[in-house]
Amino acid sequence: MGYLGNHLATIVTGVFAAILTALWPYFVDFAPILNFVFIMAVPITWFLTFTCWISQKSTDYMHRHAPLHSEKKSLSNTQTIQTTSTSQVNLLEIKHIQDELLLELNNVKESVKLKDSEIERLNQEISNLETLVQIESLKTELANLKMLASGKKTKSK
């Protein structure tokens, strides 16, 4: 954080504004156009100084009071697979996950009137699963469909 507390932009802009403010009385009678330039520049630089200060205060506050998200919550109630990015999921685990996702898709299919093309696309994606990212993406999409299905059930009642 340093000695300035991340307020370097505020201090630089403030010093520039102070120098312009201090030089203004010396150049008032020098040329009329300079008076106009100072009339425009001094308030603008003080406004920029204030904006930098407020922005840094806001950033400091948000970083100090930000909630800690140590674990991302999953929308679906299925088991989440946790591996490192360098390890690969073996074929048996992928086949097991494909079966679970197909079962979930069939359950959602019964509760929501989906287009046949949408169901066929999801079936195709499930059969082509190879990575954890694809698995998590499909789980999220199925969870969203479940939420949509539960929303339609409550509206129809």
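I135 touches I97 and L129, residues up to four places away in sequence being left out; contact here means heavy atoms within 4.5 Å. The model is a predicted one, in which local features need pLDDT of at least 70 and side-chain atom pairs count only at pLDDT 80 or more, whereas totals for chains, interfaces and linings use all residues. Residues are numbered from 1 along each chain as its sequence is written, and side-chain values use heavy atoms, with hydrogens and water left out.

I135, I97 and L129 belong to the largest nonpolar core, which has 12 residues. Such a core is a set of buried Ala, Val, Leu, Ile, Met, Phe, Trp, Tyr and Cys residues joined through side-chain atoms within 4.5 Å. Buried means under 20% relative accessible area, exposed means over 50%, and partly exposed lies in between (1.4 Å probe, protein chains only). Helices α3 (91-111), α4 (116-127) and α5 (132-156) each supply at least two of the core residues, and α3 gives the most, with five. In soluble globular proteins, nonpolar side chains tend to be buried together.

The secondary structure comprises five helices and zero strands, and the elements run α-α-α-α-α from the N terminus on. Helices (H or I, at least four residues) and strands (E, at least two) are DSSP runs, numbered from the N terminus. Buried residues make up 24% of the 157 residues in the protein chain. Among contacts between residues at least 6 apart in sequence, 67% join residues at least 24 apart. The accessible surface comes to about 12100 Å², of which 63% belongs to carbon and sulfur atoms; accessible areas come from the Shrake-Rupley method with a 1.4 Å probe, and for residues only the protein chains shown count as cover.

Helix α2 (residues 32-64) has 33 residues, which should span 48 Å at 1.5 Å a residue; its end C-alpha atoms are 49 Å apart, in agreement with this value. The expected span is 1.5 Å times one less than the number of residues. The buried residues of α2 are F38, V42, T45, T49, Q56 and D60, and they pack against α1. V37, also in α2, is partly exposed because its relative accessible area is 42%. V37 and W24 are 13 residues apart in sequence and 9.5 Å apart in space, C-alpha to C-alpha.

Q56 of α2 counts as buried because its relative accessibility is 15%. Beyond residues up to four places away in sequence, Q56 touches G5, N6 and H7. H7 lies in the segment before α1 (8-27) and, at 14% relative accessibility, therefore counts as buried. With the same exclusion of residues up to four places away in sequence, H7 touches W53, Q56, K57 and D60.

L8, by contrast, is found in helix α1 and counts as exposed because its relative accessibility is 52%. L8 is one of the residues of a nonpolar surface patch, together with L4, I11, V12, V15, I19, L23 and Y26, with about 760 Å² of accessible area together. Patches are made of residues with over 30% relative accessible area and no salt bridge, like charges being joined within 9 Å and nonpolar side chains (Val, Leu, Ile, Met, Phe, Trp, Tyr) within 5 Å. A salt bridge is a side-chain nitrogen of Lys or Arg within 4 Å of a carboxyl oxygen of Asp or Glu.
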